[in-house]
Structure formats: structure tokens, C-alpha cells
Amino acid sequence: QVQLVESGGGSVQAGGSLRLSCAVSGYTYSRNCMGWFRQVPGKEREGVAAIFTDGSTYYADSVKGRFTISQDNAKRTVNLQMNSLKPEDTAMYYCAAAEWYDCGSGSWSQGVRYNYWGQGTQVTVSS
């Protein structure tokens, strides 16, 4: 059974940093796209970043230069380092996995591409 469990959320002041981690179990890493999404109540879910099995990374324009996605195959985790956080980054952050899907195909930020989702971790950035 595939499980994705996020951790690392919390509250921080604007300009601060947080590191989110997604622990993956019951899942093989071959040719998969791992993504981070976020959602604010009343708004659509937004793709934040994604990483393919070969290490290729993709980012939303709103986080480029501030967020970094990485994966640790030995620890079976996908991480999101978030620096220079802004109040508008406040959201519930979700980890997601898309089997046999190449993030580079152009639609990595579409949630419907992903088969599995974590429960989410809250990030709150105060001004």
C-alpha cells in the first residue's frame, strides 16, 4: 500500500525558511513524478514543484529561486526547501506521486496527473 506522509510544516515569519519532507513507502521509484502542491481554502490547488526520477526539477513561477525540491532515494523522501518565505506562501502543502509519468511532459502542475496524495502539512507565514 502506497503511503505519503508529509512533515516539517509550521509557522514562520516572512523571510524565514522551512523544510518539508515527504516519506514514501510501498512505492517503487522507477519513472515517477513526485510533486508538491499547496491549497488555501476557497482557492484552487496549485502545483509548487516537481521532480522526476532522473532528477529533473520543475517549479511554479511564484516560487522559482526561493524553493528547491530534492529527493533522497536512500531515505525514500522527497523534500521541499522553502526560503525567503512570504505571507502568500501560507497554505496546506501536499506531497503527491504520479506513477509512470514524466514531469517534463508539460503538465506536472495538474493534480489529476497524480495517483497518490499525502494528508498535508500546514505552512503559515506571518508578516
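Student: How does Ser-84 count, buried, exposed or partly exposed?
Tutor: Ser-84 counts as partly exposed, because its relative accessibility is 41%. Keep in mind that this is a predicted model.

Student: Where does Ser-84 sit?
Tutor: In the loop between β8 and β9.

Student: What about the phi of Ser-84?
Tutor: It is positive, at about 50 degrees, although Ser-84 is not a glycine. Most residues other than glycine have a negative phi.

Student: And Trp-100, what is its phi near?
Tutor: Near 50 degrees, a positive value in another residue that is not glycine. Trp-100 lies in the loop between β9 and β10 (116–117).

Student: Is Trp-100 buried or exposed?
Tutor: Exposed, because its relative accessibility is 61%. The cut-off for exposed is over 50%.

Student: Switching topic. How many residues does the largest nonpolar core have?
Tutor: It has 28 residues. Met-34, Trp-36, Leu-80, Met-82 and Tyr-93 have the most contacts inside it.

Student: Which strands each supply at least two residues of this core?
Tutor: β3 (18–25), β4 (32–39), β5 (46–52), β7 (67–72), β8 (77–82), β9 (91–99) and β11 (121–126).

Student: What lies apart from that core?
Tutor: Another core, of 10 residues. Cys-33, Ala-96, Cys-103 and Trp-108 are among them. In soluble globular proteins, nonpolar side chains tend to be buried together.

Student: Now the rings. How many aromatic pairs does a search of the whole structure find?
Tutor: Three. In one of them, Phe-37 and Tyr-114 have ring centres 5.0 Å apart and planes at 80 degrees, so the pair is edge-to-face.

Student: Which parts does that pair tie together?
Tutor: Phe-37 lies in strand β4 and Tyr-114 in the loop between β9 and β10, so the pair links parts that are 77 residues apart in sequence.

Student: What lies over the face of Phe-37?
Tutor: Arg-45, at 5.9 Å from the ring centre.

Definitions and conventions: Residues are numbered from 1 along each chain as its sequence is written. This is a predicted model: local features need pLDDT of at least 70, side-chain atom pairs count only at pLDDT 80 or more; totals for chains, interfaces and linings use all residues. Side-chain values use heavy atoms; hydrogens and water are left out. A nonpolar core is a set of buried Ala, Val, Leu, Ile, Met, Phe, Trp, Tyr and Cys residues joined through side-chain atoms within 4.5 Å. Buried means under 20% relative accessible area, exposed over 50%, partly exposed in between (1.4 Å probe, protein chains only). Helices (H or I, at least four residues) and strands (E, at least two) are DSSP runs, numbered from the N terminus. Rings of Phe, Tyr and Trp (its six-membered ring) pair if their centres lie within 6.5 Å; planes under 30 degrees apart count as stacked, over 60 as edge-to-face and the rest as tilted. A charge sits over a ring if NZ of Lys or CZ of Arg is within 6 Å of the ring centre and within 35 degrees of the ring normal.
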